Amino acid sequence: MPTRPQKVYYFGTCLIDLCYPQAGMAGIELIQREGIEVIFPQQQSCCGQPAYNAGFPEETRKVARQQLKAFPHDYPIVVPSGSCGGMLKHHYPRLFANEPEAAEAQRFASRVIELTEFLVTVLDIKLEDRGQPIKVTWHSSCSALREMGVIEYSKSLIRQLQNVELIELQRERECCGFGGTFSVKQPDISSAMVSDKVSDIAQTGAARVLSGDCGCLMNIGGALEYRNIAIPAQHLAEFIWERTHG
Amino acid sequence: MSSSRDNILARLRAAVPQDHAVAPEPATPPSVELSRTEKVARLKQRMEAMHAEVVVTDAAGWRDALKTVLRNRSLNGLLYAPATALGQELAAAWDSDLPPLVGYTEDVEQSKERLFAIDASITSTQGGLADVGALILWPDPNEPRLMSLAPPLHIAVLDATKIHDSLADAIALERWQERMPTNVLLISGPSKTADIELVLTFGVHGPKELIVLILDG
Amino acid sequence: MASSVVVDFPKNFANALSNPQLRRNLRAAMDTLGMRRRAIFSDKDAFEALRAQGDAIRQRSLRQLPQLLEQLEKKCTENGIQVHWAETTTEASQICLSIIQSHHATRVIKGKSMVSEEMHLNHVLEEHGIEALETDLGEYIIQLDHETPSHIIVPAIHKNRDQIARLFHDKIPNTPYTEVVEELNAIARKVLREKFCAGEVGVSGVNFAVAETGTLCLVENEGNGRMCTTAPPVHIAVMGLEKVVERLTDVPPLLRLLTGSATGQLITTYFNMITSPRKSGEKDGPKEVHLVLLDNGRSKILADPELRQTLKCIRCGACLNHCPVYTRLGGHAYGYVYPGPIGSILTPQIEGLENAGAMASASTLCGACEEVCPVKIPITHILRRLRNESYSKTDSPNAVKGHGYKSNLAESLTWKGWALTNSAPWANVLNAKLLGLLGSQLTKLSKVELVKNWTQVRTMPKFASKSLHALAKEKGISDE
C-alpha cells in the first residue's frame, strides 16, 4: 500500500465540469471523507485529449501546458476518468518528449492516479452500503481498461456495496463507440456501436449502468434515453457517494 | 543487376539507422523437458485433437498394425518408397489380400495422373514435435514431396525417439540451419479448412486422413 | 493502379452497416476467432513473454533489412532460387507475367497471398489471357463471385453457407444446391484437384523468409499451398520485402504467434519450408523457383522510426477480429486490399493520405487491436500520427504521402480556438468548450450537422447549471 498523502490535487475533467459536476463532487467528497485534503485548482481546464486524438498535437500542447502549470506541487493528481487519466499519465510524456517541458511532463505523469485506483490502493477505502437493493451493470471504458488497467479496482468497489448486485455485460470490454470526435465524424459506425452497447445493457435487466468515464456515459446515456430505456447511466463515484453518505 | 534492386537497397540503407542503440532481446523461455513417454502421449493427444489417427506400436508390431488399418479400408493401392529401409521391410512381407504396393519410382512428369489417383501412401518421418503435435518430414529422392500430399490417406511412421519437445529444439539439436533440404514439412493432421462460416471440415486439398504409427520400443 | 481508385468511404460504411446479414456473419465469425485466440493464449504471462520475443525479432529484422535481403538473395541464388526485385506492384506483376509467358503457360494455380492481391496480379494475368485460379477455398469462393477478400486470413468470411451454396450451384456446372458445409467443401475439392494436376505455374505468398538459409516459409491448413508450390514445374513466390527474418531460430516464436493469433491454432496443418527448386535425382517439386521481392512504399515507411513499426506486421488478422469497427463493417467497406486496424495504418502510407487518409479516422482508438497484436505494433499511436499528418504540411523527408491534404479545412481553426479557450484561465465559456470537445465545425460539419450526427441515436447532452469549477468554489474546496 502506497503512503497515504495528506493532500491531493483533483483534476475534474472538462466533461464533468460541463455536464456531470455532481459526479466530480462525489469523487471529491469520497476522498475528503477519508480525511484527505482535496485541492481543486481553478486554473485547470481540459487534458487535451480531443485535439490529441483528432491529430492536433500543437494545439494539444498549448492546453496541456496550462495543466502542467495548474498542478505545480508534488501532490498526487486524482482523476475521476480513465480516459483523461490515460491522457495525462501515458500521453503527456510522449507529447512533450521533444519539448523543454519533457522532464516536467514526466514528473506530472508519475503523479497521476485514477480515482478508483486511488480509493482502493492508496486509501484502502471501506464502503458501508446504506442504499436499497439494486441490480447494476458495468461498462469498462477502453482507457480505464487498457491504458490505466483500473477496471478491477472499480468493480471491487461495486462489490463492496452489500445491497448491489453486479450483472456483467456480455461484451463488457467492447468500446461503446464514443471515441470523442469519432462519434460525430463517423456517425454511422458510432451509432451502430452504441446501439449494440445499449441492447447489451438492456438485456441484463439492471436498473442502472455504471462506468468510470463520462464520455462513455454521455454516449450510452444519450442512446438509452433516445430509445426510452429507463436505465440511467451514472458515474461510479456518484453512485457510491449516494449510497454511502449521510 | 537490376536498377530496381539497387534503388530499393539504396532506399533501405538510407532508411535504417546505423547507430541505433539496441535493447537486448528477451531470452527464449526454456521449453519444458518431457520424458519419451510424455512426448509420445503429448504428441498423440495433440494430433488426435486435429483428427489424426495415432497408433502407438513398436518395432515388432507395426507391420501388423498397418495391415489392420489397411484391411479395414478398401484401397486401390499404397504408394511407397521402395528404396528406403521402411519400403524394403514392407515389400519383404506383403500379403496378397492387402492393397498393392505402388512404388514412387518415376519423376512426377511421368506419374502425375497416377499420383493423384492412388488412394493411400506410406512415408517415414524425420521426427515429431510434442508441444504442438506435429510430424517433421524431410522429403528426399526416395520419398518425394507429393507422397504426403496427393493421396487421400497418408500413413506416417514415426520413431518415438525422434520426437522433440518443440520446433526450436528440433532446429537447434539437429542443426537445421547447416543442412536445410529442398523441402521441410511440419504436418499436424489431415488437411482442413474453416473458410465457410468457420466450420472446421477435414480433407480439403491434401489428405482427408492421416494415420500415424508411432514406434515406441 | 490502385492509387487511381476513388473510395467513397461514407457511402461504403453506410452500406455495410445497413446490411444485417453481413453484420451477423461477421459478428459470429469474429467472436469465434476471438474466443479461439483467447483459449490458445490463456496464460497471459506466457503470451506477453512470447510477444515480447516476437516484437524483438521483428524489430531486429527491420533494423537489418537491407543486409538481410542481400543475404537472402545470396542464399536463395546459391540454392537455385531466382530472386527478383520490384519497386512497384506493376513491376512485380510484370515480372510474374514474363516468367509465366516464358514458359508459354496459360494455367496458373494460386495459393493465398495478400501481396498478390496488393499487386492485383489476377487482373494483370487475365488481361494477358492467363487463367489465374485461386485455390484456397475462401479465395476460390470469392473469385467465383468476382469479389476481393474481406479479411486477410478468412477471405470469404462475409458470406454464409446459403450464399456459398447458391454461388456454387449457379457458377459450377452440374452442381446441386447444398448448404452442407462438408458437401460444399467436397465440390471445391473435386474441381480444384483437377486444376492442381494440370497447373503449369504455381504462385504463392511467403509468411517468413529466412536470410541465413534462403528458406521460404508458408503457413496453411488446406494443402492447396503445398499443391501450388509442389505440383507445377514452376513456382513463383511473391513477398513484401519486410517479411525476411535473420535466422531459422527466429521462426518458431513467430510461427506460434501467427497461428495462435490468427485462428487460435497451436500450429497449422502444414508448415512448408522451401529452400530450393527440385534437385538432381528428386522426383517432384518445381524445377524453377522464383522469389519476387516487392517494395511498393515499404522502404519509405522504414525511414520513420514510428511508422516503421507498421512493417513488423506478420499478417495474422487478430486486429481485424478484435476491432469493433471492422466487426461491423467487414473488409470491403475499407475499399482497399488491407482492411481493419492494420489496413488503416498501412494503406494510407502506401496509397497516400489524400486517397486513404479517411481510413485513419474510422477508429475510436479503443486499443483492442494493440492488446492482441502479436508483435506489439502501436496502432493507435500511428493512427494519431496519420490524423496529424492529414492536417499538417511538413518538410520532413519521412512525411506520409499526401500529408496536409486537409490543411485548409475549417477544423484546424476550430482546434486553434479550442486551444485558446482551454489554455487561457479566464476563458470558461461553457459552450465553446463543449463544442470543442465534440469538435464543432469539424470538416464540413456545421453545428447543425454535428447535432444531427450526434442525435442520430442519442439525446443531446445536458449542460449542468453549475460547472464543477463553480461547485468546488461554492463548497470551499481549496484552490491552492
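Two residues are in contact if their C-beta atoms, placed from the backbone, lie within 7 Å. The model is predicted: local features need pLDDT of at least 70, side-chain atom pairs count only at pLDDT 80 or more, and totals for chains, interfaces and linings use all residues. Residues are numbered from 1 along each chain as its sequence is written, while chains are lettered from A and ligands numbered from 1 in the order in which they are written.

**Exercise 1. Chain contacts**

Task: Find which pair of chains has the most contacts, and describe the side of chain A that touches chain C.

Solution:
- Start with chains A and B: no contact joins them, and their closest C-alpha atoms lie 18 Å apart.
- Two pairs of chains touch, and the most contacts are between chains B and C.
- Now turn to chains A and C, where 61 residues of chain A are in contact with 58 residues of chain C.
- On the chain A side, helix α11 (residues 187–204) gives the most, with eight residues. Helices (H or I, at least four residues) and strands (E, at least two) are DSSP runs, numbered from the N terminus.
- Sort that side by class: 33 residues are nonpolar, 17 polar and eleven charged. Here Ala, Val, Leu, Ile, Met, Phe, Trp, Tyr, Cys and Pro count as nonpolar, Asp, Glu, Lys and Arg as charged, and the others, Gly among them, as polar.

**Exercise 2. Two chain folds**

Task: Describe chain A and chain C by their helices and strands, and test each against the globule rule.

Solution:
- Chain A has 13 helices and eight strands; chain C has 23 helices and ten strands.
- The radius of gyration is taken over C-alpha atoms, and the globule rule is 2.2 Å times the number of residues to the power 0.38.
- For the 246 residues of chain A the rule gives 18 Å and the chain has 18 Å, so chain A is as compact as a globular protein of that length.
- For chain C, with 480 residues, a compact globule would have a radius near 23 Å, and the chain's 25 Å agrees.
- Along the principal axes, the C-alpha trace spans about 50 × 45 × 25 Å in chain A and about 90 × 55 × 45 Å in chain C.

**Exercise 3. Helix packing**

Task: Work out how α2 (residues 20–40) and α12 (residues 251–263) of chain C are placed, and which residues make their contact.

Solution:
- Axes are lines fitted to C-alpha atoms, for helices over the stretch in contact, and angles run from 0 to 180 degrees between N-to-C directions.
- The two axes come within 6 Å and cross at roughly 140 degrees.
- That makes α2(C) oblique to α12(C): angles under 35 degrees count as roughly parallel, over 145 as roughly antiparallel, 65 to 115 as roughly perpendicular and the rest as oblique.
- C:Leu33, C:Arg36, C:Arg37 and C:Ile40 of α2(C) meet C:Gly260, C:Ser261 and C:Thr263 of α12(C).
- By class, this contact has two nonpolar, three polar and two charged residues.

**Exercise 4. A sheet in chain B**

Task: Give the strand order of the open six-stranded sheet, and find the strands at its edges.

Solution:
- The order is β1-β12-β7-β4-β2-β3, with parallel pairing; two strands pair if DSSP finds at least two bridges between them.
- β1 (53–57) and β3 (101–103) of chain B each have a single partner strand, so one side of each is left without a neighbour in the sheet.
- Strand β2 (residues 78–80) of chain B pairs with β3(B) over three bridges, and B:Tyr80 stands opposite B:Gly103 in β3(B).
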